[in-house]
Amino acid sequence: MSFKIAIIGAGSVGFTKKLFTDILCVPEFQDAEFALTDISEHNLEMIKAILDKVVASNRLPAKVTATTDRRRALEGARYIISCVRVGGLEAYAEDIRIPLKYGVDQCVGDTICAGGILYGQRNIPVILDFCKDIRDVAENGARFLNYANPMAMNTWAAIEYGKVETIGLCHGVQHGAEQIAEVLGAKSVKELDYVCAGINHQTWFIDLRLDGRRIGKDELISAFEAHPVYSQQEKLRIDVLKRFGIYSTESNGHLSEYLPWYRKRPEEIVRWIDMSDWIHGETGGYLRHSTETRNWFETEFPSFLASAEKPIDPTKRSNEHASHIIEALETGRVYRGHFNVKNNGVITNLPDDAIIESPGFVDRFGINMVSGITLPEACAATCTSSINVQRMSVHAAINGDIELLKLAVLHDPLVGAVCTPEEVWQMVDEMVVAEARWLPQYADAVPAAKERLARSTVRTRDWAGAARRSVRSIDELRTEKEMLKQAV
């Protein structure tokens, strides 16, 4: 069964290798063609060397090509997988740094909030370029599998404006389920059945069953509070569980950005976060983590190459959705997962045009979503606030409308809890000017934004954030890693 899969942003070495080996775990796919594309020729060389070795070591007929010419990579592709980060860490640093001057303290900043909205403005023009290439040169009816954040905005733009069949994929639901299974004492997550619904990074476990027995709110609260680790790392999530009666898929730090209640005052932030790892709420935590590990694949390349000699083990296939979706579409073996698609009535109390994340089944006929799901009212209200921001953000990105962009940021729940309208207007001007090279649709708006900034009287703050660790150099991390190896 030979067909072509293109991976855009394939220079994300570890993730690309995972997707590649997952797909080759399917016996029928071992003669597939994989076309890798990225803006970094060096990264492409590394990942191609790794994948070529996987193919050779396992004596497979699969073919791997690599090119910086995206259109060439997409020619004839049946599936296109995107895991790009437009603007890289340079742009991402502005997403965190500038809002912090206005009191907007983000842990991740890649979904909504000020950082996520600007991330969407950078991504959407590029996503539309991908879609044009897919329509022009990919196989007729090709499917676009988007892993890139901001998930909802990217998927929304690809479907509504790119006119390509698009599925947004994330692993937050799987990770949340693994947590719940652990606190309930299950031997495996396979013992847990669940229905999760909402929007990406704000999805809710609305039905939980362990070995067929329904798990209620009180039992789940008790289980999390009794857990020696999660009781400290997930304080905010547990508080939301107590108040909403439903557990959220998203990590403690990420969830805190989407709500207007926990990160609006510096003295309050430290009550709800945990500094044992960045993901639990550290200010700019993901930026720090990404900066410190930005070249990890360079130092780990020899071990990646060595591990490529090992036989592919289907029992170690990951729970990333992509390979399972492709398997179901190509073979008819049914797969159940949680997918990001246009709502169109699937969740009854969310807008039809929204990109939802909800259960669906895949077979030869496509993705068949479970319809008629109704969220608890508090969950729906929280999701709807974000959907309104996402909608305005997408439309602003498409039209290069800086006034609509400012309104989108103004309506963001956390920004609105912290900033005045005057602060929001100046903050957006500052972010658009700082990120202008990645925002072609705002080129005409940049000169006026610079003029407004030059005469602005809105004061900003010299503030590092409520809870922050310093960024360490790669050399320091390498030394620390060697010391840990020796200690073990």
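This is a predicted model: local features need pLDDT of at least 70, side-chain atom pairs count only at pLDDT 80 or more; totals for chains, interfaces and linings use all residues.

Biologist: Got it. How many aromatic pairs does the structure hold?

Modeller: There are 14 aromatic pairs. Rings of Phe, Tyr and Trp (its six-membered ring) pair if their centres lie within 6.5 Å; planes under 30 degrees apart count as stacked, over 60 as edge-to-face and the rest as tilted. One of the pairs is F3 with Y79, which is edge-to-face, at 5.7 Å centre to centre and 70° between the planes.

Biologist: Which parts does the pair of F3 and Y79 tie together?

Modeller: F3 lies in the segment before strand 1 (4-8) and Y79 sits in strand 4 (residues 79-82), so the pair ties together parts that are 76 residues apart in sequence. Helices (H or I, at least four residues) and strands (E, at least two) are DSSP runs, numbered from the N terminus. F3 and Y79 are both buried.

Biologist: Back to W204 and F244, then. What kind of aromatic pair do they form?

Modeller: A stacked one, with 5.4 Å centre to centre and 15° between the planes. W204 belongs to strand 8 (residues 202-210) and F244 to helix 10 (residues 235-244), so to speak a link between distant parts of the chain, 40 residues apart.

Biologist: Which way does strand 8 pair with strand 7?

Modeller: Strand 7 (residues 192-199) pairs with strand 8 in the antiparallel sense over 8 bridges. Two strands pair if DSSP finds at least two bridges between them. V195 has D207 in strand 8 as its bridge partner. The hairpin of strand 7 and strand 8 has 2 residues between the strands, and H201 there takes a positive phi near 70°.

Biologist: What about strand 10: which residue there is the bridge partner of W204?

Modeller: S248 is the partner. Strand 10 (residues 247-248) runs antiparallel to strand 8, joined by 2 bridges.

Biologist: And how many bridges go to strand 9?

Modeller: 2 bridges, again in the antiparallel sense, join strand 8 and strand 9 (residues 213-214). L210 has R213 as its bridge partner in strand 9. This hairpin has 2 residues between its strands, and D211 in the turn has a positive phi of about 50°.

Biologist: New topic! Where is E282 found?

Modeller: In the loop between helix 12 (266-272) and helix 13 (285-292). E282 counts as buried, at 1% relative accessibility.

Biologist: Which residues does E282 touch?

Modeller: Not counting residues up to four places away in sequence, E282 touches Q106, C107, R263, I273, M275, R288, A467, R468 and R469. Contact here means heavy atoms within 4.5 Å.

Terms used
Residues are numbered from 1 along each chain as its sequence is written. Side-chain values use heavy atoms; hydrogens and water are left out. Buried means under 20% relative accessible area, exposed over 50%, partly exposed in between (1.4 Å probe, protein chains only).
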